Amino acid sequence: MAYLKNTWYVAALSTEVGADELFHRKILGTSVLMYRKQDGTAVAMRDRCPHRFAPLHLGKKIGDEIVCHYHALQFDCSGQCTHNPHGEGNIPKAAKVQTFPLQERYGFIWIWMGDEAADPGLLPDYSPLDDGPPTGVGHTYMHMRANYELIIDNVMDLSHIDHVHGEIISTRGQLSPIVPQVRETENSVFARWEWKQTPPILVLAGFLPHPEKEARHFFDVTWMPPANIQLSVGGAQGDTPFEQGVGAYDLHTTTPETETSTHYFFATRRNHNTHDADFNAMKLQAMRDAFEKEDGPIIYGVQEEMETTDFFSLNPVLMSNDVAAVRARRLLARLIAKEEEGAGGSAAPAARTAAA
Amino acid sequence: MAYLKNTWYVAALSTEVGADELFHRKILGTSVLMYRKQDGTAVAMRDRCPHRFAPLHLGKKIGDEIVCHYHALQFDCSGQCTHNPHGEGNIPKAAKVQTFPLQERYGFIWIWMGDEAADPGLLPDYSPLDDGPPTGVGHTYMHMRANYELIIDNVMDLSHIDHVHGEIISTRGQLSPIVPQVRETENSVFARWEWKQTPPILVLAGFLPHPEKEARHFFDVTWMPPANIQLSVGGAQGDTPFEQGVGAYDLHTTTPETETSTHYFFATRRNHNTHDADFNAMKLQAMRDAFEKEDGPIIYGVQEEMETTDFFSLNPVLMSNDVAAVRARRLLARLIAKEEEGAGGSAAPAARTAAA
Amino acid sequence: MAYLKNTWYVAALSTEVGADELFHRKILGTSVLMYRKQDGTAVAMRDRCPHRFAPLHLGKKIGDEIVCHYHALQFDCSGQCTHNPHGEGNIPKAAKVQTFPLQERYGFIWIWMGDEAADPGLLPDYSPLDDGPPTGVGHTYMHMRANYELIIDNVMDLSHIDHVHGEIISTRGQLSPIVPQVRETENSVFARWEWKQTPPILVLAGFLPHPEKEARHFFDVTWMPPANIQLSVGGAQGDTPFEQGVGAYDLHTTTPETETSTHYFFATRRNHNTHDADFNAMKLQAMRDAFEKEDGPIIYGVQEEMETTDFFSLNPVLMSNDVAAVRARRLLARLIAKEEEGAGGSAAPAARTAAA
């Protein structure tokens, strides 16, 4: 299947790529090696020696360079072979490894897999994740046995929450009847739900002034290509505006491994109880459990039932709750088609502002 | 591969589909949900929500209806969506799940996967299975990693018994030299072996007047499409006619899961020692062991060696013992071809009488 | 993929096929049964009954014949059916199993899978393996999850030794800078490395006059089609010629199981400490460990990265150390192409002398 290439995907959590590690992961079907230079900068290259195709992650790091384990060809961060111990030591012109531009931001390492020049400006601004103490934010990684768009569907249509998830994030049936506001730009799809409930959402209730009383709530989700969803949730009581209420600013982002397997990355920053490391760890684990144990079986079941990644070919029955997810699918399909036609390709400058 | 569609297959043992269960099984490559209404009637529908393709068996039953676990669409037994909790609750016209006619008979739930109207009259009459106390009959299910026709071959050619199976059903070499009587009708293939042996077949010997002496024996097998084989075995001594001897009335029936995996259902009713529950359980387990541990490895080996389901394409060397199995294969192939041509399709009224 | 057919492959270690065993192995994608006649001669036939395709290895041996477990057809060593217990016992003309010529030499059973008449003269002469006491030689088998040519590459380019393997066979960096002498004949590719090192190669050092002092060393590898590599290693000190030094005469030979799995056979004969059974066992285990634990992960990684068996299609960057391996690949490709054209086919008489 075709992927959007000239764009940023999350390749790894920052913490996954240790100082001395040769980290490797398959991204869009391609094996990628990632490691850190001595100055801490992360670099990425194809995890394949151009000589006899040995995985480079089996080798070792010398300074900022990589030595292939099979025949000891050495490569620098630009992928250029710098040492050939064989024969007279001549370095063949073709002895280069493909490299991939990286950016390390918001606790993630982002990778650019396309042929065009990487455009740092195309990375959406998720700086609120960085804003606050480390005990107020969590990042995690989950491997999912399903196509990445099925996970986007799941987050873009939050009406599933009351049906799939447990008490902790239940809206007590409020969410499904709401037709969310949906807004589409050249490079984003946005949806917003607003409602009242008593008691408030449990994960927030304890931090509101009156945990047993009615609260106003909202969910915002903003999808940006290829697979980033910024989700905000909030609660407030009385006349308090949402801006002064309690809430969280999350990022769900998925990176295709293969057509039917996905790297699922998640980060969450909250504005309350931000110095409680135990609560922080507990909350992150609860979110992982919700995705892996509650969404996971359904999404895997859908993938198996579909026996394809071509969602629309199966004639889904679409409803009011599907509008945002369907728009994101259709916009992504247009961007991929446009890229394949070679008509411009990079994912439109609008990307830089749509998330603002 | 093509299957005969407008016909009855066993979908489950009656006991597999409990009162509160959402039972699911892949049949002819299609995922099927089965459950019981409050009045006990079994119903079947495609195990896939038409909305986003979640497996319905992950959901729950409310009264006689099914609620999808993903977004809580509710469906009645006819597959009609009866409740949509989203937005204004409109029910899209296309929100229907395909259903499959069932009949529950002889301890099995039979399913009709074809497009034509289900014809109850096409279900062969296996009522002798019902005739007698519950301690005189056993039903069981086995999952087999082989094409269903390889299992039909196995039962239609009983000459394998002395070579594959142990003492309990050994004919002590009597069976192979016999060329069975074979009879073919428009909708059945029948074979019969008759012989004498001393001592009698062990599983029957103890219930004959003279367990150590010679007995007359017979095996009858009657295949009817798509995959039902009624097998009778009997023994008698002296002038006693078979009708007054000891014997069993069995049904072997197979349902394709995929091209190379099969649901194998078996039932056996005997006319002796019919109130002995321990013997009943022991005998059923012995039969399962014979199929799974003795036939199984050979049939799996054949499937792996074949690397196809097209038996005749491999030019098998056919012998006198293959006549019944080959006729069943050829008749089934003609019925499938006829169905695919759309020339009539349903498996001929003759089915109603052939087993009589 | 295409294999060279009219040639000898190793099918098994002699010790793998016991006197009472029905040994089976997939060779070039075909299931093969091997067993020994009462006189000890090994025979091979397709592991598939021509009747209903049951694997013959599930059956039993009676004298020199094989009885199929499913319906007891009996076959002699020529593959001819000699007994049919069914009906009147007529033996169908087509009731024959394909047989394969074998030769048992040098501790291996060699098989000819091609359609042309087997030519014993095409088996290279590896008689030095037989020359000496049993405690001076070892034979072993390893199953590898990679295409067989990747293993040939590995042995034909010994420059990998210092990078992949441990101290025991290290040349301390001497090997990579050497451009080996390479010689190609009509039916072989030969490469030789010669160098000095201090201390000598550890596996030989203890058997040289001055274990701590400099030694002269050589490696010779001679590939012959389809997949045989005779490797000799030696060491000598002072004026002693290599012929009077210490060394080993090894055979690496690979047999395709499937496109991406291989039977790897290895034998090693040494000229020193030849009566030490413990050392013999220890050395063979050390060699196995080197192949399985050191070469194995790299070769498997290469296979996974390649996602094909067509090495040249991936545009490898070839260097001076690849000359011998590449010539062997290209010569083998020419022989396969020639065989497929039917232009002569058998792997040229030159084979008989090239190893001499």
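**Chain arrangement and helix packing**

Within chain B, the residue that comes closest to the rotation axis is B:Glu307, whose C-alpha lies at 13 Å. The model is a predicted one, and the values below are computed from it. Chain B is superposed on chain C by a rotation of 120° with a shift of 0.1 Å along the axis, at an RMSD of 0.0 Å. For chain C and chain A, a rotation of 120° with 0.1 Å of shift along its axis likewise superposes chain C on chain A, with an RMSD of 0.0 Å. This is the relation of a three-fold axis. In chain C, the C-alpha nearest the axis belongs to C:Glu307, 13 Å from it.

The contact between chain B and chain C involves 20 residues of chain B and 20 residues of chain C. On the side of chain B that touches chain C, at least two residues each are supplied by helix 2 (161–164) and helix 4 (277–306) of chain B. Helix 4 of chain B accounts for the largest share of this side, six residues. By residue class, the side of chain B that touches chain C consists of eleven nonpolar, seven polar and two charged residues.

Between chain C and chain A, 20 residues of chain C are in contact with 20 residues of chain A. Here the elements of chain C that give two or more residues to the side touching chain A are helix 2 (161–164) and helix 4 (277–306). Helix 4 of chain C gives the most to that side, with six residues. The side of chain C that touches chain A divides into eleven nonpolar, seven polar and two charged residues.

Inside chain B, helix 4 also packs with helix 1 (residues 148–156) of chain B; the angle is about 130° and the axes are 10 Å apart. Helix 1 of chain B takes part in the contact through B:Leu150, B:Ile151 and B:Asn154, and helix 4 of chain B through B:Asp295, B:Ile299, B:Val302 and B:Gln303. The residues of this contact between helix 1 and helix 4 of chain B comprise four nonpolar, two polar and one charged.

How values were computed. Residues are numbered from 1 along each chain as its sequence is written. Chains are lettered from A and ligands numbered from 1 in the order in which they are written. This is a predicted model: local features need pLDDT of at least 70, side-chain atom pairs count only at pLDDT 80 or more; totals for chains, interfaces and linings use all residues. Copies are superposed by least squares on the C-alpha atoms of residues with pLDDT of at least 70 in both. Two residues are in contact if their C-beta atoms, placed from the backbone, lie within 7 Å. Helices (H or I, at least four residues) and strands (E, at least two) are DSSP runs, numbered from the N terminus. Ala, Val, Leu, Ile, Met, Phe, Trp, Tyr, Cys and Pro count as nonpolar, Asp, Glu, Lys and Arg as charged, and the others, Gly among them, as polar. Axes are lines fitted to C-alpha atoms, for helices over the stretch in contact, and angles run from 0 to 180 degrees between N-to-C directions.
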